[in-house]
Amino acid sequence: MKIIIKYKQLFLFKLFLSLLPYFFISILIMNALGYRYSEIMIISAMTQIIGVILNLPLGIYAEQKNRKKVLLLNNILSIIAFTLFLFEKFYLAILAAVILGISEALSSGVMQTFSYEQFPDDVTYRKYLEGSSSIQYLAISVMTIITPAILHFNRFLPIIISVAFIVFSTIFLCFIKLEKREEKQEEKITINIRTLRKGLKVSSKLNLFILLGITVTTLIMSVNSWSSILLKYHYFPLKYLGLVLFTFNVCMAIGSRIKWKKLSIVMLLPLISILLFFTKSVFTTIVLFSIFRLINGGYNNFFIGEFNKLIKNNRVVFWSIYDTFLSLFFIFADLSSGIIAQNLTVEFIYLIFGLISLLILLIYLLARKNIYFRKIKNY
């Protein structure tokens, strides 16, 4: 708790951004504002497409600018976008979606890099992640329950609260003192496609870690996105769904306190996904989802910390590259999940994605071991 108090401005800046009601029930909010489902899908797709297209170029731009100023610009763009939604005009909603896409692309990598650079060493950073993540997940748990009630009270209120939270976040951002990490900085290199390709080619570890992150995060997204539908297929009473989702987020909070010692623990995630295909018991399904979220919470902190350690130069750009590939995989996963659910059953999503992830993770572990033995041989 001491470390949270020490870095309270950073913590509160990120906390308010993680609690925006809009992102919990965006489809319900858009529907309440009078948009048809076809229009909602266009609005949502527009944000994703703009994000994918601009992730890398804006990442390169952001790498060469002051991190704090970039995040301030990001918050201003978000406020403008959410304000446009309040006018209930479809063309303004499309414009808002485009601005949100630009905002997400602009902040891609900057948020993680900015946070990482506030700490003197990796040990302190990991301690902060463990403490802040658990509180953040608990806060998200509460927001998950109360957000539908806020929308029911007034259709504009979730967006107004989202704007207010961004304003609070911006205030705390302004009070953050910039403290550059004390580490040996390599000579600044010119950022272009050739140097980035060279960086990826030289660092086999970084390439493998990007593969790991994309594989596991895509699996996590797929498993969590369809959890409510799978519970419905198992005849779980929907009136208790909010309570179960709250429990899942609490598990994430507890999991964020887990200190990873062996990377092989991540193999449990695809195995649990495969088990979810075979179980028909509601109770067993809830238990498996809870264990999955528990590991998920620990994995998030592990990946962020390790990825930042592996990048020596142009950290924002490499985070942007990762986010670009991740967005493309998310789009592919969404499309393929819909086809699988339509032509087979929801359970097959868990089986297919679990098997693919298990295979890729085995390849990752073998390739990593091969790199390790090659290094020993060279010595």
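**A pair of helices to start**

I began with α15 and α16, and found that α15 passes α16 in a left-handed crossing. A crossing is left-handed if the near helix is turned anticlockwise from the far one by less than a right angle, and right-handed if clockwise. Helices (H or I, at least four residues) and strands (E, at least two) are DSSP runs, numbered from the N terminus.

Before going on I noted the ground rules. This is a predicted model, where local features need pLDDT of at least 70, side-chain atom pairs count only at pLDDT 80 or more, and totals for chains, interfaces and linings use all residues. Residues are numbered from 1 along each chain as its sequence is written, and side-chain values use heavy atoms, with hydrogens and water left out.

Next came the geometry of this pair. Helix α15 covers residues 268-278 and helix α16 covers residues 282-310. They pack at an angle of about 165 degrees, and their axes are 10 Å apart. Axes are lines fitted to C-alpha atoms, for helices over the stretch in contact, and angles run from 0 to 180 degrees between N-to-C directions. α15 and α16 are therefore roughly antiparallel to each other. The cut-offs are under 35 degrees for roughly parallel, over 145 for roughly antiparallel, 65 to 115 for roughly perpendicular, and oblique for the rest.

Which residues meet here? From α15 I listed Leu-268, Leu-269, Ile-272, Leu-275 and Leu-276. From α16 I listed Thr-285, Leu-288, Phe-289, Ile-291, Phe-292, Ile-295 and Asn-296. Contact means heavy atoms within 4.5 Å. By class, the contact of α15 with α16 holds 10 nonpolar, 2 polar and no charged residues. Ala, Val, Leu, Ile, Met, Phe, Trp, Tyr, Cys and Pro count as nonpolar, Asp, Glu, Lys and Arg as charged, and the others, Gly among them, as polar.

**A second pair**

I moved to helix α9 (residues 122-153) and helix α10 (residues 157-174). Their packing angle is about 125 degrees, with the axes 8 Å apart. That makes α9 oblique to α10. On the α9 side, the contact uses Met-143, Ile-150, Leu-151 and Phe-153. On the α10 side I found Leu-157, Pro-158, Ile-161 and Phe-165. The contact of α9 with α10 has 8 nonpolar residues, no polar ones and no charged ones.

**Inside the protein**

I checked helix α2 (residues 8-18) for burial. Leu-10, Phe-11, Phe-13, Lys-14, Leu-15, Phe-16 and Leu-17 are buried there. Buried means under 20% relative accessible area, exposed over 50%, and partly exposed in between (1.4 Å probe, protein chains only). What do the buried residues of α2 pack against? I noted α1 (2-6), α6, α8 (110-116), α9 and α10.

Then I looked up Asn-75, which lies in helix α6 (residues 67-85). Asn-75 counts as buried because its relative accessibility is 1%. Setting aside neighbours within four places in sequence, Asn-75 touches Phe-13, Leu-17, Ile-166, Ser-169 and Thr-170.

Glu-88 has a positive phi of about 55 degrees. Glu-88 is partly exposed, because its relative accessibility is 28%. Tyr-235 has a positive phi of about 65 degrees. I found Tyr-235 in the loop between α13 (227-233) and α14 (241-255). At a relative accessible area of 75%, Tyr-235 is exposed.

**Other residues I looked up**

Asn-207 sits in helix α12 (residues 204-225). Asn-207 is partly exposed, at 33% relative accessible area. Its C-alpha atom is separated by 9.9 Å from that of Tyr-322, 115 residues apart along the chain.

How many disulfides are there? I count 0, a disulfide being a pair of cysteine sulfur atoms within 2.5 Å. Cys-174 is partly exposed at 45% relative accessibility, and Cys-251 is buried at 12%.

**The whole chain**

Last, the totals. The protein has 18 helices and 0 strands. Of its 379 residues, 51% count as buried. Among contacts between residues at least 6 apart in sequence, 84% join residues at least 24 apart.
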